[in-house]
Amino acid sequence: MAEVMDTNGSMQTDPPPTATQDSTPMAVKQEPVQASTMTPAEVFRSQSKTPAPPQREQREKKESLKKREATGTGSTSAATTSLGKRKAHATHAYPSPQRYNVPPPRPQDYEAPRPDMMQEHEPNRFLVPKTHRELYKPMDLAENKRGYRYQRAIADQQFAHKQYYRSTSPAPHNARMSFEDADRYMHFTTNALMATNEKGWRMARANTCAREGTLYYEVKIHRGVPESGPDLQASGPQPFVRFGFARREAPLDSPVGFDGYSYGITDIRCEPMHRSRPSKLYQAKKPTKSKAKTLQQTAPVYVTLPPEDQNVKEGDVIGLEIQLPSLALHQKIVTGVYNPAVDIDDGFTQANAPPVPVPDEAPLDVIRDRIPVAYKGNTYFEILDHVATRPMEVYADRTTNLSTLSTSTSAAAVGKDAIKAAPNPNHEQHALRTLPHSAIRIYKNGQLLGTAFENLLAFLPPASQPSKAQGARDGAFDDGLTGYFPAVSCFFGGIVEMNFGDLESFWAPPDHIEQRYEA
């Protein structure tokens, strides 16, 4: 039977075809079509309408990272191996020495660390004036960033009790600037002792830090303020440098002395810089036994620099010496048991020294929260780094005046994190407790210019803390790399060189440093 459509649009059945009829069948069988009641204009409008987009699933609203860090909340997803993406496990045995189970090492994880890749600057190379030294940009590194710190790792069969991984470092194996602990725009020589930057203020820290005792290092200016003095007729930005000491919380995209986590010296006017506030060098005097003369004797006597020393110029050698009390005294301060009437010295005497561990006693638990991750052919330890705390942000705020804290009404000093007193050893905020017997002294070409800072801020936990939102443990844990790091900052092509005294003798050390070095 064949079906055909009549003129009214309905289907009708024809009789079986005969020899005189067309017997060609239809290609597709169609259903009956009802007559449309729409006008031609309505049909055109219905066909020309844009189809509605598909409905999206409503996304979950999440709080910002800054708010999560402030409230101490965060995600509890499992740890991953991507850089900066891990989270702490919600449930764990506290204080469990090991919180993360890493996969067994691969064969390539036992290989020696690869040398750092360096790329020269384009289109014009960075050359050190009056030398043939060139500065390069490190490539393919896991750079330190907010909340995370990275350190080279290697697998070792002798460290089976530590999941086979331990710390390592590529050459050169000496005190130097760290490629990972520097801003991405910093350029270095191959020995990592010279640095420069073509943009605004950027900072680089050394791979070693001062925790107690004395640390001295020197910097030499290769490009900065000219020997004839600042060029007042120059147009555009000029090269400058800064140098000093910085903690791990100090941001790398700012100069030394930008906030409360670093202490710096400027090349212009040779001024101490802390909290972005300049001050003056001074000669500090030791207090006497007479209580009536104590305030008068301890008041700083500011130094008036001669005209030739008012600026740090090209070719000058600046020595920076930091002095810190013992870790035993430091621990008393951060735990709140410091008594100035009893703890009258720097803590290095036998009475204040920490007890020597007895071999028969049970060993202390070693906390292992470092995760080995693979990144561009290298293995790194991912470490939760210290982050800035709210009291320190208020302390560094431009509206905070330490001399009028009791009457301050600024927005930064209101609330539970308000600063009620200037930093001192017994401050209610751990981050604002200071270290007695601590100071930073500045030398120029071997001659003492003066003391730049005294009573530096404490750094041992809980004064320094990683972010709870990123998986930090509850409690105060010292990883051994908490302290004041030698740091330099460069501005628009300033070039500076560092000397730690381990590869060659110091260029212009003071007498007491030279005697220790020769001994």
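**Reading salt bridges in a predicted model**

Me: Arginine 473 forms a salt bridge with aspartate 369, with 2.7 Å between the closest N and O atoms. What is a salt bridge?

Reply: Side chains of opposite charge can pair when their charged atoms come close. The term requires a side-chain nitrogen of Lys or Arg within 4 Å of a carboxyl oxygen of Asp or Glu. This is a predicted model, where local features need pLDDT of at least 70 and side-chain atom pairs count only at pLDDT 80 or more, while totals for chains, interfaces and linings use all residues. Residues are numbered from 1 along each chain as its sequence is written, and side-chain values use heavy atoms, leaving out hydrogens and water.

Me: Is arginine 473 buried or exposed?

Reply: Buried means under 20% relative accessible area, exposed over 50%, and partly exposed in between (1.4 Å probe, protein chains only). Arginine 473 is buried at 6%, and aspartate 369 is buried at 17%.

Me: Which residue forms a salt bridge with aspartate 181?

Reply: Arginine 205 does, the closest N and O atoms being 2.9 Å apart. Aspartate 181 lies in strand 8 and arginine 205 in strand 11, so the pair ties together parts 24 residues apart in sequence. Strands (E, at least two residues) and helices (H or I, at least four) are DSSP runs numbered from the N terminus. Aspartate 181 is buried at 1%, and arginine 205 is buried at 2%.

Me: How many salt bridges does the structure hold?

Reply: The structure holds 21. Among them is the pair of lysine 376 and aspartate 140, at 3.5 Å from N to O. Lysine 376 is exposed at 51%, whereas aspartate 140 is partly exposed at 38%.
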